[in-house]
Amino acid sequence: MKQKKPLAENGMLIAILSSVLSIIVGLVFGAILLLILNPAKAGIGISAMLTTGISSLDQFGKVLYQSAPLMLCGLSVGFAFKTGLFNIGASGQYTMGAFFALVGAIQFQLPWFLCLLMACIGGAIWGIFPGLFKALFNVNEVITSIMFNWICMFLVNLLFANMPTMLASAWGASNSDRSAALAKANPGAIIPKAGLDKLFGNSSWINISFFIAILVAILVWFILNKTTFGYELKACGLNKDASIYAGINANRNIVLSMIIAGALSGLGGGLYYLAGTIQYVMEKSILSMGFNGIPVALLANSNPIGTIFSSLFISYIQVGGSAMQPNFSSESIDIIIAVIIYLAAFSLLIRGILTKILSGNKKKEVKA
Amino acid sequence: MNILANIISLTIVFAVPLMLVALGGMYSEHSGVINLALEGIMVIGALCACFTLQGFDRSGFGPAHPQLAMLCAILVAGLSGMVFSLLLAFAAINLKADQTIGGTALNTFAPAFAVVVTWAVQGQGLTTIQIPNWIRITQATFGLPAGNGFLDSLIFKYFYLTTPIAVLLFFVAWILMYRTRFGLRLRACGEHPQAADSVGINVYKMRYSGVLISGFLGGIGGLAYTIAVGSGFNASVGGYGFLALAVMIFGNWKPVQILGASIFFALFKVIAAYNSSIPFLPKLEGLKDKSSLYQMLPYVVTMIVLVFTSKHSQAPKAEGIPYDKGTR
């Protein structure tokens with residue numbers, strides 16, 4: 001007979017509890033900070049942060065729309081985590097994916113699904129470098145990823161500036177500092193809304209990208225848990241030496257894992273910029289979307305299915321954050337995210353304490 | 001000739017933050033803690049120091065005693081960086097946290113905190129903190145007549161108190177690491193903490209010292225960077241903390257080589273920032289947005305250099321691994 005595990009030994013439950021705990025601590029910290037900075041407006045700020053996401057169907061549509069790229073960046077970071085790599089380069093892969101998607105859409109006039117494929121390729125190319133440099137030259141993947149984030153940003157700016165048809169100015173607009181609006185350049189490259197906009201009160205944000213992202217999350221879960229390849233990747237992450245001893249080609253797996261992680265981030269970039277509502281503006285600093293994949297992955301404990309929920313949460317408070325302006329800057333949200341990441345750094349300790357508390361309760365119950 | 005003087009002095013003023021922060025990273029890593037939070041520490045140091053300078057400017061103390069005020073600002077930068085690095089030290093040493101994730105948390109926190117606080121102090125949307133112009137050391141500081149010759153450009157065009165202090169801290173680092181008991185013990189904790197502990201060295205204490213010193217240097221580095229850029233503090237240090245980590249790896253975790261590496265990278269950074277006014281660079285006619293190309297250069301060069309040096313890198317063996325007394 002299959003016996004139910006005791007509460008304290010249920011790893012999944014402990015992981016969820018510790019994530020909820022770090023979210024609560026993060027939110028309380030953020031609220032206290034707002035109270036200190038501007039006590040008079042803090043109430044408005046906090047309620048804007050917590051309720052904007054469900055204040056209207058339009059805003060809820062925005063939450064779903066933003067959660068799709070976040071989910072993919074989270075999947076990317078989580079996938080690399082499983083192989084024991086820290087993919088801080090999701091931002092660069094995301095940017096490269098966005099660039100490839102836009103090139104496909106504007107330069108080659110491809111339909112949206114081929115543009116998304118281009119995005120995957122772009123991200124994968126950018127993911128090769130950290131993996132390859134780690135496997136061949138023993139360069140720490142964190143440093144490589146960070147350097148390639150910067151290289152990507154400047155390279156994409158340089159390429160945009162030298163591809164005149166890509167710019168908005170080639171399609172009847174006056175500004176040359178951003179990519180062309182897809183509605184003018186290639187309406188076929190815009191990700192279809194499939195009637196969702198009617199359902200969401202004519203929200204300009206919503207499209208099927210959220211559902212594409214969920215499908216990808218399920219696919220990643222399948223690869224990690226139901227295939228030999230996924231097993232090998234996880235073995236490398238848990239103990240590289242032992243997996244080499246067992247006959248697994250660790251270097252090949254490191255490179256492959258980073259390529260897949262890159263493709264995931266790249267797809268995220270494609271989903272975000274092919275919605276038709278946003279144009280790529282030449283950036284002076286690295287896009288934050290990829291970095292926000294880190295808390296998404298950490299909150300989900302790198303579980304692909306958990307990523308769906310954690311990306312919804314991060315997207316939700318970000319939509320709330322932009323509604324906090326002008327009373328507070330939207331960066332207040334980043335502080336909350338930072339607290340959540342900080343707590344995730346010693347999540348093992350928190351989980352240990354939670355297990356102790358739960359099993360302690362159990363013993364008391366038995367005594368009583 | 002004046003252009004050459006400009007390039008040299010600019011290179012020095014950009015090398016100062018790189019070297020300080022890379023030295024900071026060196027202390028931390030030799031003690032066994034990877035300090036990815038240097039970027040965030042720089043931001044916090046620069047934030048506090050810039051507010052201090054602004055305060056001195058308003059109160060009139062600054063213009064009256066510019067270098068004394070500057071010295072105070074440098075100390076504020078160092079101390080605030082130190083306090084901020086305590087967060088990393090606590091997580092990495094006491095809680096045995098993942099050091100990379102902990103560092104990422106601090107890097108996320110610092111720029112957001114800087115924007116939020118700057119808004120709160122200066123008003124909504126005013127993100128830039130202006131730096132007063134009296135902080136520069138001029139000929140007048142030494143009672144010399146103002147001039148425009150080669151030596152004047154070379155020495156006085158970009159001369160700030162951070163430069164001599166950086167030179168001082170460089171020698172301190174070299175002596176401390178290789179000529180004192182403290183340095184030997186610090187390095188032991190990064191190489192083999194169990195062995196260090198078994199001969200009576202308090203590993204936790206040494207690691208705290210390593211991280212706190214790196215916080216001090218990182219904070220000063222943040223101020224030095226903000227001064228070098230010259231357009232005020234904007235809640236960012238432009239990835240210099242990460243570049244400094246690359247400099248540290250290129251410099252093989254050794255002070256003298258770090259000095260060389262930081263000058264090398266600073267030169268590329270200067271070429272990137274001032275490519276239009278340097279006459280001997282290729283013109284690249286027909287290419288638009290050349291500045292992006294030049295701005296990309298330091299990072300590309302970093303990668304190439306790391307590819308060639310990392311195979312034989314002498315990284316501290318125990319870096320990144322939390323020390324648990326039970327593993328002794």
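## Close-up views of a predicted model

**Figure 1. Asn252(B) is partly exposed, with 16 other C-beta atoms within 10 Å.** With C-beta atoms placed from the backbone, a residue counts as buried if 20 or more other C-beta atoms lie within 10 Å of its own, as exposed if 12 or fewer do, and as partly exposed in between. The model is predicted, and for that reason local features need pLDDT of at least 70 and side-chain atom pairs count only at pLDDT 80 or more, while totals for chains, interfaces and linings use all residues. Residues are numbered from 1 along each chain as its sequence is written, and chains are lettered from A and ligands numbered from 1 in the order in which they are written. Asn252(B) belongs to the loop that lies between α11 (240-250) and α12 (255-273) of chain B, where helices (H or I, at least four residues) and strands (E, at least two) are DSSP runs numbered from the N terminus. Although Asn252(B) is a residue other than glycine, its phi is positive, near 55°.

**Figure 2. Chain B is built from 13 helices and zero strands.** Followed along the sequence, the chain reads α-α-α-α-α-α-α-α-α-α-α-α-α. Its radius of gyration, taken over C-alpha atoms, is 20 Å, close to the 20 Å that the globule rule gives for 328 residues, so chain B is as compact as a globular protein of that length; the globule rule is 2.2 Å times the number of residues to the power 0.38. Along the principal axes, the C-alpha atoms of chain B fill a box of roughly 65 × 50 × 40 Å, and 52% of the 328 residues in this chain are buried.

**Figure 3. Chain A meets chain B through 40 residues of chain A and 41 residues of chain B.** Two residues are in contact if their C-beta atoms, placed from the backbone, lie within 7 Å. On the side of chain A that touches chain B, at least two residues each come from α5, α6, α13 (289-299) and α15 (332-345) of chain A, and α6(A) gives the most, with twelve residues. By class, this side of chain A has 30 nonpolar, eight polar and two charged residues, where Ala, Val, Leu, Ile, Met, Phe, Trp, Tyr, Cys and Pro count as nonpolar, Asp, Glu, Lys and Arg as charged, and the others, Gly among them, as polar.

**Figure 4. Helix α13(A) is mostly covered, eleven of its eleven residues being buried.** Among the buried residues of α13(A) are Met289(A), Phe291(A), Asn292(A), Pro295(A) and Leu299(A). Just after α13(A), Asn301(A) takes a positive phi of about 55°.

**Figure 5. Asn138(A) has a positive phi of about 65° although it is not a glycine.** The residue sits in the loop between α5 (112-137) and α6 (141-161) of chain A. Asn138(A) is partly exposed, and 14 other C-beta atoms lie within 10 Å.

**Figure 6. Helices α3 (residues 57-82) and α9 (residues 209-226) of chain A pack at an angle of about 15°, with their axes 8 Å apart.** The two are therefore roughly parallel, since angles under 35 degrees count as roughly parallel, over 145 as roughly antiparallel, 65 to 115 as roughly perpendicular and the rest as oblique. Axes are lines fitted to C-alpha atoms, for helices over the stretch in contact, and angles run from 0 to 180 degrees between N-to-C directions. α3(A) passes α9(A) in a left-handed crossing, a term used if the near helix is turned anticlockwise from the far one by less than a right angle, with right-handed used if clockwise. The residues that meet include Leu64(A), Met71(A) and Lys82(A) in α3(A) and Phe210(A), Val216(A) and Leu224(A) in α9(A). This contact has, by class, 14 nonpolar, two polar and one charged residues.

**Figure 7. The axes of α3(A) and α14(A) come within 7 Å and cross at roughly 130°.** These helices are therefore oblique to each other, and α3(A) passes α14(A) in a right-handed crossing. Among the residues making the contact are Gln59(A), Leu70(A) and Gly78(A) of α3(A), together with Pro304(A), Leu312(A) and Val319(A) of α14(A). By class, the contact of α3(A) with α14(A) has ten nonpolar, ten polar and one charged residues.

**Figure 8. Gly321(A) lies in helix α14 (residues 304-323) of chain A.** This glycine is buried, with 24 other C-beta atoms within 10 Å. Leaving aside neighbours within four places in sequence, Gly321(A) is in contact with Met49(A), Ser330(A), Ser332(A) and Ile333(A). From C-alpha to C-alpha, Gly321(A) and Leu50(A) are 8.6 Å apart in space, and they are 271 residues apart in sequence.
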